[in-house]
Amino acid sequence: MVAEELLNKSAAMVTLESEDFVSDGPLKLNTTSGAATVAIDLNRIQLTDSDPAMLDGADNEAARISLKIIIRMVDIMGARELMDVLQAHIDGAWYGPGSVAFGKRLRDLGGKFKVPTTIHSLNIDQKCWRALGVNAEFDPSAFATTSSAPIFHMVNLTPEAPTLEAVCCYDAIWDEFNYGSEPRGIDLISFGNPYFSPREIKEVAKLCQGRIMKDNFAVIVTCGRAQYSLALETGYIRELERYGDQFLQDTSWCSIREPVIPKNTRTVMTNSDKSIHYGPGLTGKQFAFGNLEMCINAACKGKTTGEPPSWLLEARSR
């Protein structure tokens, strides 16, 4: 949609109906060449007072295209009303070729921010920016978020919890997170998505005491510089670096690629549900899931059994 409106380019799309997801047989596709004509009935959408003039290009071409994209999204989502905003935050900010081309195109079409706007930080470890492939002129910022916020379901309140049973299907959840339950070799452990906290660093240091990491194995931990400094004072950083852990400060796993991730890495194991979701697409690697202890066991053995944690095994046996 954005490519059509902004760059006059179309991308191939497949539209699936709900019954297609439960079909056992192959899907029958009807192919159409060329971009489809999009017809939106503006009478079904309540615009603000300034919107019609903006759609006619009264501001500039960038504003016209941007509003048209918003209206197309509104139509897809079934909403019927727009509202003015006083501030905006741009989250999906990744400075690759596509994102840069998007911004340049809006600028060239006369685009200007109409409200105060912030942009998501892209944080890079200042000590190893070369290895991370960052331009020398890039000035990273410290945005230290740690995994300190609990996440939970409340029956009849959170959308995924209409009943207690609906959120207690642990077997299915485990197979989804772990991409199955079969044993597999592990080449790298990914910790810190969100950033590791000092408590988690301490816990991993205790799990690693007296143990030896498998040869040619990698454990990479991301954390904020403030958390790193606290753990450094307690001695846990030195313990883990002797064990073989590598620490990256103020760096998101979204920014980590080869060669920081060794080229021969096939499977990454993590304790992060965020990494499990985004990791395969971002890195092109296979992923496995486990708690901190399971991850450290895999680092020592170079493999994981694929079995769920002990509490889930106990629940299965009841």
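The chain holds 11 helices and 9 strands, where helices (H or I, at least four residues) and strands (E, at least two) are DSSP runs numbered from the N terminus. The model is a predicted one, in which local features need pLDDT of at least 70 and side-chain atom pairs count only at pLDDT 80 or more, whereas totals for chains, interfaces and linings use all residues. Residues are numbered from 1 along each chain as its sequence is written, and side-chain values use heavy atoms, with hydrogens and water left out. Of the 318 residues of the chain, 32% count as buried, that is, under 20% relative accessible area with a 1.4 Å probe and protein chains only.

The axes of helix 7 (residues 225-234) and helix 8 (residues 236-243) come within 5 Å and cross at roughly 90 degrees, the axes being lines fitted to C-alpha atoms over the stretch in contact, with angles running from 0 to 180 degrees between N-to-C directions. Helix 7 and helix 8 are therefore roughly perpendicular to each other, a term for angles of 65 to 115 degrees. In their contact (heavy atoms within 4.5 Å), Y228, A231, L232 and T234 of helix 7 meet Y236, I237, R238 and E241 of helix 8.

A search of the whole structure finds 1 cavity of 30 Å³ or more, a cavity being a set of points on a 1 Å grid over the protein atoms alone where a 1.4 Å probe fits but cannot get out. About 110 Å³ of space lies in the largest cavity, the volume being the space filled by probe spheres set on the points. Helix 9 (residues 273-283) gives the largest share of its lining, 5 residues.

How values were computed:
On a 1 Å grid over the protein atoms alone, a cavity is a set of points where a 1.4 Å probe fits but cannot get out, and a pocket is an open set with protein on both sides within 12 Å along at least five of seven lines; lining residues have an atom within 4 Å of a point. Angles under 35 degrees count as roughly parallel, over 145 as roughly antiparallel, 65 to 115 as roughly perpendicular and the rest as oblique. Buried means under 20% relative accessible area, exposed over 50%, partly exposed in between (1.4 Å probe, protein chains only).
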